[in-house]
Amino acid sequence: MIKVLLVEDHIKISENIRLYLKDDFEVQPVFSGEDALLYLEAYTYDLVILDLMLPGMDGMNVLSCINKNNLGTGVLVLTA
C-alpha cells in the first residue's frame, strides 16, 4: 500500500483528506513541520502531502529539508 505523510495543521481538513484517501493509501497525519521531519527521519513514505501554512516551521522549510536530505519522496503542496 502507498504510504502518505499528511502534513496539515487544520484538524478538520486533515481528517477529511485522510478519510478520502484511507481506502487506497496508508495515511499518517501530522500537524506541524517539526513533526513531519521527525516522521520522515523515522519512516519511509512514498508521498508527502504538505500544507505551506504551518505553525512554527512552515511548509517551505519542510520542503527545503526534504530536498536537502535527498529523501526521494514525492511532495504534493497544498495551500489556501
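Predicted model: local features only at pLDDT ≥ 70, side-chain atom pairs only at ≥ 80, totals over all residues.
Residues are numbered from 1 along each chain as its sequence is written, and side-chain values use heavy atoms, without hydrogens and water.

**Helix α1**

- Helices here are DSSP runs (H or I, at least four residues), strands likewise (E, at least two), both numbered from the N terminus.
- An α-helix has 3.6 residues a turn, so residues three or four places apart point the same way.

**Ser14**

- Ser14 lies in α1, which spans residues 11-21.
- Its relative accessible area is 2%, so Ser14 is buried.
- Beyond neighbours within four places in sequence, Ser14 is in contact with Leu6, Glu8, Pro29 and Phe31.
- Contact means heavy atoms within 4.5 Å.

**Helix α2**

- In α2, Gly33, Ala36, Leu37 and Leu40 are buried.
- Seen down the axis of α2, these residues fall within an arc of 95°, so they line one face of the helix.
- Leu38 and Ala42 are exposed on the other side of α2.
- The cover over the buried residues of α2 includes β1 (2-7), β2 (25-30), β3 (47-51) and α3.

**Packing of α2 with α3**

- Helix α2 (residues 33-42) packs with helix α3 (residues 59-68) at an angle of about 20°, and their axes are 9 Å apart.
- Axes are lines fitted to C-alpha atoms, for helices over the stretch in contact, with angles from 0 to 180 degrees between N-to-C directions.
- The two helices are therefore roughly parallel to each other, a label for angles under 35 degrees.
- Gly33, Ala36, Leu37 and Leu40 of α2 make the contact with Val62, Cys65 and Ile66 of α3.
- By class, the contact of α2 with α3 has six nonpolar, one polar and no charged residues.
- Ala, Val, Leu, Ile, Met, Phe, Trp, Tyr, Cys and Pro count as nonpolar, Asp, Glu, Lys and Arg as charged, and the others, Gly among them, as polar.

Terms used. Parallel < 35°, antiparallel > 145°, perpendicular 65-115°, else oblique. Buried < 20%, exposed > 50% of the residue type's maximum accessible area, 1.4 Å probe, protein only. Arc of directions from axis to C-beta.
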